[in-house]
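The sequence and the model are shown first, and the notes follow by topic.

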Amino acid sequence: SITEDLVKAAPIFEKIKVFFQGDGPTSLIFYHRKIDHGHSMHGEHELIVSDGSNIPLESKAVYFFKTRIPENDDVAGPLDPTTSTDGALSFGVIRTPLNSLE
């Protein structure tokens, strides 16, 4: 799929790898959009990955947050991608960006 190919691209995959590290960011937000240049029926696709501080959301997005913080509260612990039930990761969908905060 287009989205899967975009996720596997080197810059985005690197951001995901860093997120799983203990000193990586505590959140990631994925936002997929189609870029229409007006001369193509299909347009181009773009996947934006951010910590949430620099992307204006125009439609739904998927978020991931680290929920387990070690005692020093400075750095979230590393995530184990082989364990799905340790409570270290929370995720969801933001459907209508500003309306979902009300």
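**Briefing on the predicted model**

Glutamate 58 counts as exposed because its relative accessibility is 57%; exposed means over 50% relative accessible area, buried under 20% and partly exposed in between, with a 1.4 Å probe and protein chains only. The model is predicted: local features need pLDDT of at least 70 and side-chain atom pairs count only at pLDDT 80 or more, while totals for chains, interfaces and linings use all residues. Residues are numbered from 1 along each chain as its sequence is written, and side-chain values use heavy atoms, leaving out hydrogens and water.

**Surroundings of glutamate 58**

- The loop between strand 2 (44-50) and strand 3 (61-66) holds glutamate 58; helices (H or I, at least four residues) and strands (E, at least two) are DSSP runs, numbered from the N terminus.
- Not counting residues up to four places away in sequence, glutamate 58 touches Tyr31 and Arg33, where contact means heavy atoms within 4.5 Å.
- Arginine 95 lies 37 residues from glutamate 58 in sequence, with a C-alpha to C-alpha separation of 9.6 Å.

**Helix 2**

- Ile12, Ile16 and Phe19 are buried in helix 2 (residues 10-20).
- Seen down the helix axis, these buried residues fall within an arc of 60 degrees, so they line one face of helix 2; the arc is that of the directions from the axis to the C-beta atoms.
- Ala10 and Pro11, on the other side of helix 2, are exposed.

**Contacts of valine 49**

- Valine 49 is in contact with Ile12, Lys15, Leu28, Ile29 and Phe30, leaving aside neighbours within four places in sequence.
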